[in-house]
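Here is a short briefing on one protein chain. Look over the sequence and the fold, then read on.

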Amino acid sequence: PMVRDALPSDATSMAEINVAGWRTAYVRIVPDDVIARQRPEPLVAYFASDEAFAGRMRTFVAELDGVVVGFAHMGPLRPEPDEALDACELWGMYVDPARQGHGHGRALMTATMDHFRSVGCQVAYLWVLRDNAAARGFYESQGWELDPSAYRTDPIAQVRYAITTGA
């Protein structure tokens with residue numbers, strides 16, 4: 001799989017993949033009405049904006065035959081209240097459900113980890129829905145470990161994972 005930096009022109013593809021991910025991976029985890037409300041338009045606006053590419057933000061896309069099939073979006077850690085961690089965070093990773101299982105997620109994770117190391121980030125975090133067993137299994141297979149110090153329940157249970165990058 002080919003991975004490259006995302007461009008604002010990739011915004012529609014990334015948004016559609018994000019929504020498709022919600023509509024498949026989050027069934028029976030997220031209430032149906034919440035899934036039904038997912039729309040690509042607000043995500044297109046964000047992924048095409050300067051905000052998505054500002055400062056320490058970085059986004060990679062995976063391509064297959066010139067078509068975007070996945071993305072990983074990262075930046076500085078969004079700390080929990082009373083946390084003073086200087087770390088990175090994988091804000092989101094989605095692969096087109098029809099293209100999963102073909103190495104695109106692993107390729108995106110490799111690019112993500114390389115980026116974290118290149119910016120000197122020693123520890124990185126990500127949030128995942130507690131009941132998303134497939135995503136949790138993928139992250140664990142890539143070396144991420146459950147961080148018992150952080151947990152969210154509102155509106156849906158989420159757990160945080162951490163990884164030492166080797167930077």
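This is a predicted model: local features need pLDDT of at least 70, side-chain atom pairs count only at pLDDT 80 or more; totals for chains, interfaces and linings use all residues.

Residues are numbered from 1 along each chain as its sequence is written, and side-chain values use heavy atoms, with hydrogens and water left out. Helices (H or I, at least four residues) and strands (E, at least two) are DSSP runs, numbered from the N terminus.

**Helix α5**

- Helix α5 spans residues 133–141, and Ala135, Arg136 and Tyr139 are buried in it. Buried means under 20% relative accessible area, exposed means over 50%, and partly exposed lies in between (1.4 Å probe, protein chains only).
- These three cover an arc of only 100° around the axis, which puts them on the same side of α5. The arc is that of the directions from the helix axis to the C-beta atoms.
- An α-helix has 3.6 residues a turn, so residues three or four places apart point the same way.
- Ala133, Ala134 and Ser141 are exposed, on the face of α5 turned away from its buried side.
- The buried residues of α5 pack against β4 (88–95), α4 (104–118), β5 (123–129), β6 and β7 (158–164). Contact means heavy atoms within 4.5 Å.

**Arg136, a buried charge**

- Arg136 sits in helix α5.
- Arg136 is buried yet has no salt bridge. A salt bridge is a side-chain nitrogen of Lys or Arg within 4 Å of a carboxyl oxygen of Asp or Glu.
- Its nearest side chain of opposite charge is Glu140, 4.4 Å away. Lys and Arg count as positive and Asp and Glu as negative; His and the chain ends are not counted.
- Not counting residues up to four places away in sequence, Arg136 touches Val128, Leu129, Arg130, Leu146, Val159 and Tyr161.

**Nonpolar cores**

- The largest nonpolar core has 24 residues. Such a core is a set of buried Ala, Val, Leu, Ile, Met, Phe, Trp, Tyr and Cys residues joined through side-chain atoms within 4.5 Å.
- Leu90, Phe116, Tyr139 and Trp144 have the most contacts inside this largest core.
- β2, β3 (67–76), β4, α4, β5, α5 and β7 each supply at least two residues of this core. α4 gives the most, with 5 residues.
- Tyr139 is in contact with Leu90, Met93, Met109, Leu126, Val128 and Trp144, leaving aside its neighbours within four places in sequence.
- Another core, of 19 residues, lies apart from the largest one; Ala6, Tyr26, Val30 and Phe47 are among its members.

**Salt bridges**

- The count comes to 8 salt bridges.
- Asp5 and Arg58 pair through their side chains at 2.5 Å, N to O. Asp5 lies in strand β1 (residues 2–5) and Arg58 in strand β2 (residues 58–64), so the pair ties together parts that are 53 residues apart in sequence.
- Asp5 is partly exposed, with a relative accessible area of 36%. Arg58 is also partly exposed, at 27%.
- Asp33 and Arg37 form a salt bridge at 3.1 Å, N to O. Asp33 counts as partly exposed because its relative accessibility is 46%. Arg37 is exposed, at 55%.
- Arg130 and Asp131 form a salt bridge, with the closest N and O atoms 3.0 Å apart. Arg130 is partly exposed at 34%, and Asp131 is partly exposed at 43%.
- A network of salt bridges links Arg4, Asp10 and Glu63.

**Two exposed sites**

- Ser149 is in strand β6 (residues 145–152). Ser149 counts as exposed because its relative accessibility is 57%.
- The side chains of Ser149 and Asp147 make a polar contact of 2.6 Å. A polar contact is a pair of N or O atoms within 3.5 Å; within protein, one must be able to donate a hydrogen and the other to accept it, and residues adjacent in sequence count only if both atoms are side-chain atoms.
- Ser149 and Thr24 are 125 residues apart along the chain, and their C-alpha atoms are separated by 29 Å.
- Asp65 is in the loop between β2 and β3. Asp65 is exposed, at 74% relative accessibility.
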